[in-house]
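My entries follow the display.

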Amino acid sequence: MNTELKIIGHIHSTIKDRDNAPKQGSEGGVEATVEIREKYRESLDGLKEGADILLFTWFHKADRSYQKVHPRGDESRPKRGVFSTRSPDRPNPIGLHPVTITAIDGCKIKVRPMEAIDGTPLVDIKNAQR
C-alpha cells in the first residue's frame, strides 16, 4: 500500500504571509497561479477556463500540535476542536479551496478567489461539478 503524499505543484500568490491571508477565498481572495509539475501535465487534460475546481493544499506553515482553536482566531469565542473549524492549524493541515479557472497556459492555471499564501504546496485538484 502506497501512503506517500506527492506534491504536484505550488500556489503562486500575492499573499505572502499568514497574517495577510483572508480566512476564506470569498473574503478577499486574489487571483493566483497554480503551477503544476511538468510530470503531471497530462493530468490537466479536460480542465477548461470557467470550470469550478477544488484545490487541495498542504498548509506547510501550520502548527500541527493544535487540537482546539478559537474559531476564526477570535479569542472572544470559546475554543472548539479543529475538526469543527476551517483552521489551518490541525494534525494534518490539508487545505480545501473552491476556485474558478480564469486561464490555462500549459502547466500554469490561473484561479480565483484564492486565499493560500505564496509557495503553498498543492496535493490534488478535483472537479467541483456535481
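Entry 1. I looked up what Leu55 touches, and found Ile11, Val34, Gly95, Leu96, His97, Val99, Val111, Met114, Leu122, Asp124 and Ile125, not counting residues up to four places away in sequence; contact here means heavy atoms within 4.5 Å. The model is a predicted one, in which local features need pLDDT of at least 70, side-chain atom pairs count only at pLDDT 80 or more, and totals for chains, interfaces and linings use all residues. Residues are numbered from 1 along each chain as its sequence is written, and side-chain values use heavy atoms, with hydrogens and water left out.

Entry 2. I checked the confidence, pLDDT (the predictor's confidence in each residue, from 0 to 100), and the chain has a mean of 91, with 95% of its residues at 70 or more.

Entry 3. I placed Leu55 in strand S3, strands being DSSP runs (E, at least two residues) numbered from the N terminus. Leu55 counts as buried because its relative accessibility is 1%, where buried means under 20% relative accessible area (1.4 Å probe, protein chains only). I also noted that the C-alpha atoms of Leu55 and His97 are separated by 5.0 Å, although the two are 42 residues apart along the chain.

Key. Helices (H or I, at least four residues) and strands (E, at least two) are DSSP runs, numbered from the N terminus. Buried means under 20% relative accessible area, exposed over 50%, partly exposed in between (1.4 Å probe, protein chains only).
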